[in-house]
Amino acid sequence: MLSSKSLFRTALVVLLLLATGARAEMTVEIVGGGADRHAIAVLPFKDETTRLHDALTPVVKNDLNLSGVFRMIDTSGVANLPFTPAGIHYGDWKSAGAQSLAIGSVSSAAGGKVTISFSLMDVAQKKQLTGGSFTVPPERSRQVAHTIADMIFEAITGQKGIFNTRIVYVLKRGSSYQLQVADVDGGRAQTILRSKEPIMSPSWSSDGRYLAYVSFESRKPVVWVQDLATGRRNAAANFKGSNSAPSWSPDGRTLAVVLTTSGSSQIYLVSPNGGVPRRLTYSGAIDTEPSWSPDGSQILFVSDRSGGPQIYRMAASGGAATRLTWQGSYNVSPRVSPDGKRFTFIQRQGGAFRVMMQDIGSADARVISQDPYNERPSFAPNGGMVLYASLQGGRSVLYAATPDGGSKVKLAVIDGEVQDPAWGPYNNSN
Amino acid sequence: MNLKPLLIATVTATLLAACSSTKPETSANLTGANQAGSATTTVPGATTGSQNQAGAGADAALNDPNSPLAKRSVFFAFDSNVVKSEYKPTVAAHAEFLKANANHKVVIQGNTDARGSREYNLALGQRRAESVKQAMQVLGVPEQQLEAVSFGKEKPRANGNSEADYAQNRRDDIVYDGQ
């Protein structure tokens, strides 16, 4: 290979562009939905429009809508909008059909900060379900809104919320490619890499600090690893031939990648810092799209060793593989759920490419998305939603669907094509 | 690896592009765009300059539009990586040229039509590129002069969705010396 390894290892600084210049505007739009959603009224917080640049409660409502388990009660017809539990006329909300009620206020605090207080009240029992108070600089209010949505989600469903997590995707505009990281609702989008050549297959490290991805900037596919906080990056796999399909091991120490140095696309393990790869598969057929089980013991992957592409599972140390998919002639892009019990993937059905869900240990798969063209599904870290891209009218858009396919939400991209999305891990540093 | 001056010039230019991006590491206006942009714009210029160092006769053949070497693409049937007989003369012409000109090197870039998984398509394009690479090796071209890479479905020549468009994109391109 080019004796450039040391050079490529030299860390390059990639600027983190601020949200303003490089924002992919998205709006949440509910496309389908279950009838048994929890009815919640989220009331405007006192002074949220005067003390904050952007009001909080639209973000909270958007998040709850996105989860697919809430139904928003219209508050515009109610004359008395309380800001504190003491001011609630529960009868108003009972007749409006609300099961719970989120109220709150924004007040000024020392040092230019604001204090955001909120309570979630149960309408039938007239008691507080959860609540909190946050003192932050005003510009962090959007994160507080996501935290409030997480608290509401957890109080109602018993599951950890995912509204403070982030997603990564490639935004293609004409011949320009941007690797972007955004809030799960599309807000605060940051461009972390810009290129005139394709970028694909971004993969999160389990701590959310690093992304691995494939960039064609050197006129061939090379796997890069980039530190999101500093923008520094290095080539993790830059061998003769093509380098692709990075997937981070759950412990963060290893990348599964696809290399072609043997003359066919095979799966290898390599350090995120680069170095000597260790070969895992020896099929001679195509082996690609490795994806780790959450406990790190197994790797799912795609192979056409039996003819068309099918999904297989092997130990993360390599060895014999078990075929998992038996329906359809084209099954690709597997991703294991956070509890390790099922996996999502894409199946070709006629001319359509559908998002599927299958229990590990079962041969039966069910359709999550009826849209004609979808790619690369991934789970939210709580397992409660599946993110995927879908081609419609020549453009790609992002969807988040519940794993049973009963409800889905559209993250509509106003300008550009969204490709290869991946849902990030829980983000505790945010 | 015995890289000839021409190749070194090309590689060096590419690396210099990377270096020049690396240098102002503290500069706030350095972005991935600069880095990628410099790589894509610098390489062709470097090649043009360095071609003077190669044999004039060889270059003439390479640049002659009437030479069999002017054909640089090999097209494939749907879901196939078999080099069709109509493209074997093209592959053979390039193989003969490479054997006679050990200072030249080619990258064979495999491509696929726009259906299905990006990564699986990358692997399918790789398989097509490997077919032409292997055909050239069978004809006696040393492995060091050949690299098979794939663009998958990411860099289509035809952007439409007709069968004719797809057929255009099921293709290998033979690219000399980083051109």
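Visitor: What share of the contacts in chain B with a separation of 6 or more comes from residues 24 or more positions apart?
Guide: The share is 71% in chain B. Two residues are in contact if their C-beta atoms, placed from the backbone, lie within 7 Å. Before going on: this is a predicted model, where local features need pLDDT of at least 70, side-chain atom pairs count only at pLDDT 80 or more, and totals for chains, interfaces and linings use all residues. Residues are numbered from 1 along each chain as its sequence is written, and chains are lettered from A and ligands numbered from 1 in the order in which they are written.

Visitor: And what is that figure for chain A?
Guide: In chain A, 47% of the contacts between residues at least 6 apart in sequence join residues at least 24 apart.

Visitor: Staying with chain B, what is its secondary structure?
Guide: Chain B has six helices and four strands. Helices (H or I, at least four residues) and strands (E, at least two) are DSSP runs, numbered from the N terminus. Along the sequence of chain B the pattern reads α-α-α-β-α-β-α-β-α-β.

Visitor: How much of chain B is buried?
Guide: Of its 179 residues, 40% count as buried. A residue is buried if 20 or more other C-beta atoms lie within 10 Å of its own, exposed if 12 or fewer, and partly exposed in between, with C-beta atoms placed from the backbone.

Visitor: How do H4(B) and H5(B) cross?
Guide: Helix H4 (residues 88–100) and helix H5 (residues 118–138) of chain B cross at roughly 55°, and their axes come within 9 Å. Axes are lines fitted to C-alpha atoms, for helices over the stretch in contact, and angles run from 0 to 180 degrees between N-to-C directions. H4(B) and H5(B) are therefore oblique to each other. Angles under 35 degrees count as roughly parallel, over 145 as roughly antiparallel, 65 to 115 as roughly perpendicular and the rest as oblique.

Visitor: Which residues meet there?
Guide: From H4(B), Val91(B), His94(B), Ala95(B) and Leu98(B) meet Val132(B), Ala135(B) and Met136(B) of H5(B). Six residues of this contact are nonpolar, one is polar and none is charged. Here Ala, Val, Leu, Ile, Met, Phe, Trp, Tyr, Cys and Pro count as nonpolar, Asp, Glu, Lys and Arg as charged, and the others, Gly among them, as polar.

Visitor: Over to chain A. What is it made of?
Guide: Chain A comes to five helices and 31 strands. It has 430 residues, and 51% of them count as buried.

Visitor: How is chain A divided into domains?
Guide: Domain 1 covers 5–19 + 165–423 and domain 2 covers 35–157; such bounds come from an automatic or database domain assignment. The C-alpha centres of the two domains of chain A lie 35 Å apart.

Visitor: At what angle do H3(A) and H5(A) pack?
Guide: Helix H3 (residues 57–67) and helix H5 (residues 141–157) of chain A pack at about 45°, with axes 8 Å apart. That makes H3(A) oblique to H5(A).

Visitor: Last one: is Asp339(A) buried or exposed?
Guide: Asp339(A) counts as exposed, because it has 10 C-beta neighbours inside 10 Å. Asp339(A) sits in the loop between strand S23 (331–336) and strand S24 (342–349) of chain A.
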